[in-house]
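The sequence and the coordinates are shown below.

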Amino acid sequence: MTFPISALRSARRTVKILPTLGWHYTCPCCGWSFNRMYPQHGHLVPRPNARCPRCGSLERHRLLWLYLHAKPELFAGQLRLLHVAPEPIFRRYFQSLPNVTYVSCDLFARNVLLHSDLTALPHPDASFDAIVCYHVLEHVPDDQHAMRELRRVLKPGGWAILQSPLDYSRATTYEDWSITAPEDRLHAFGQEDHVRIYGRDYKDRLEQAGFHVSVDMYVQQLGAAAIERYRLSPNEAIYMCRA
Ligand SMILES: [Zn+2]
């Protein structure tokens with residue numbers, strides 16, 4: 001097993017990992033282990049063993065959980081954090097951190113602090129030290145405007161994890177504004193409410209909005225055994241964007 005558990009032990013906030021007792025898969029978000037996870041449907045290619053039966057995490061959530069816990073420096077000092085379209089797993093985690101002032105934001109969800117379109121955030125410039133926006137931009141028609149807004153409200157030196165599903169076989173992002181029906185978008189973009197499929201130019205689009213972007217293949221550092229145990233996507237990069 002190549003998982004660098006020592007790295008997690010050295011982290012300020014360690015991942016709670018229960019003994020696996022022979023179970024095949026472990027969810028780092030809730031710490032439970034299973035012989036099977038739930039498949040994830042609703043996409044063009046269903047994914048077996050994708051959703052944690054206990055906390056509902058998907059591959060991308062488990063990767064982010066491991067990443068954040070391996071990078072305690074991201075949470076050094078007092079932080080004002082904007083969490084867009086908050087996932088309950090991470091909402092609970094961020095709210096548990098005593099040094100984090102937590103601001104949740106969503107256009108439609110009821111239990112958030114702020115109802116706002118990402119293209120018109122009400123905050124002054126440089127309002128946040130950190131932003132987590134996970135699998136949101138593929139839903140936003142004017143994503144370039146949303147990226148510029150996120151850049152605008154991020155403080156100099158701040159960080160933003162702006163993650164979107166990518167098709168690495170595409171050099172450029174695929175959009176077709178004549179496709180509007182949900183069933184057509186499912187066929188074209190992989191989900192009824194997606195408006196594009198990002199290609200390898202995703203980093204360029206973020207940089208055009210003013211971010212300094214590093215594409216972190218952290219998942220590969222974990223090794224094949226951990227990728228299998230935690231049911232991660234082996235090709236998913238973390239897009240770490242800095243102001
Ligand atoms: Zn779980």
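The sections below treat the sheet, the helices that cover it, the metal site and some individual loop residues.

## Basis of the model

The structure is a predicted model. Residue numbers start from 1 along the chain as the sequence is written.

## The seven-stranded sheet

Seven strands form an open sheet in the order β7-β6-β5-β8-β9-β11-β10, and the pairing is mixed. Strands of a sheet pair through backbone hydrogen bonds, in either a parallel or an antiparallel arrangement.

Both senses of pairing can be illustrated. Strands β5 and β6 run parallel and are joined by six bridges. By contrast, β9 (residues 154-163) and β11 (residues 238-242) pair in the antiparallel sense over three bridges. In that pairing W159 has R242 of β11 as its bridge partner.

Strand β6 is mostly covered, with six of its seven residues buried.

## Helices packed on the sheet

Helix α3 (residues 88-96) lies across β5 (79-84), β6 (100-106) and β8 (128-134), and it runs at about 155° to β6. Its buried residues are I89, F90, R91, Y93 and F94. The elements that cover these residues include α2, β5, β6 and β8.

Helix α4 (residues 143-153) lies across β5, β8 and β9, running at about 140° to β9. The buried residues of α4 are D143, A146, M147, E149, L150 and V153. They cover an arc of only 160° around the axis, which puts them on the same side of α4. These buried residues pack against β5, β8 and β9, and also against α6 (202-208).

## The zinc site

Which residues coordinate the zinc ion? The donors are the SG atoms of C27, C30, C52 and C55, at 2.3 Å. Along the chain these donors follow the spacing C-x2-C-x21-C-x2-C. C27 lies in the loop between β1 (25-26) and β2 (33-34), whereas C52 lies in the loop between β4 (47-51) and α2 (59-70), so the pair ties together parts that are 25 residues apart in sequence.

The site is tetrahedral, with angles of 104 to 120° among the four donor atoms. For four tetrahedral donors the ideal angle at a metal is 109.5 degrees. Two of the coordinating residues can be described by their accessibility: C27 counts as buried at 0% relative accessibility, and C52 counts as buried at 2%.

M37 is located in the loop between β2 and β3 (38-40). Is this residue buried or exposed? M37 is buried, with a relative accessible area of 5%.

Leaving aside neighbours within four places in sequence, M37 is in contact with Y25, T26, C27, N49, A50, R51, C52, P53, R62 and R231. Two of these contacts, C27 and C52, are also donors to the zinc ion. The C-alpha atom of M37 is separated by 9.7 Å from that of L58, which is 21 residues away along the chain.

## Other loop residues

G77 is placed in the loop between α2 and β5. With a relative accessible area of 47%, G77 is partly exposed. G77 and N99 are 22 residues apart in sequence, and their C-alpha atoms are 6.6 Å apart in space.

Most residues other than glycine have a negative phi. A126, in the loop between β7 and β8, has a positive phi near 55°. A126 counts as partly exposed at 32% relative accessibility. R231 likewise is not a glycine and has a positive phi, of about 50°. The loop that holds R231 lies between α8 (224-229) and β11, and R231 is also one of the residues in contact with M37.

Methods:
This is a predicted model: local features need pLDDT of at least 70, side-chain atom pairs count only at pLDDT 80 or more; totals for chains, interfaces and linings use all residues. Side-chain values use heavy atoms; hydrogens and water are left out. Two strands pair if DSSP finds at least two bridges between them. Helices (H or I, at least four residues) and strands (E, at least two) are DSSP runs, numbered from the N terminus. Contact means heavy atoms within 4.5 Å. Axes are lines fitted to C-alpha atoms, for helices over the stretch in contact, and angles run from 0 to 180 degrees between N-to-C directions. Donors are N, O and S atoms within 2.8 Å of the metal (3.2 Å for Na, K and Ca); water is not among the atoms, so sites may look incomplete. Four donors count as tetrahedral if all angles lie between 85 and 135 degrees; four count as square planar and six as octahedral if opposite donors are over 155 degrees apart and all others between 65 and 115; anything else is irregular. Buried means under 20% relative accessible area, exposed over 50%, partly exposed in between (1.4 Å probe, protein chains only). The arc is that of the directions from the helix axis to the C-beta atoms.
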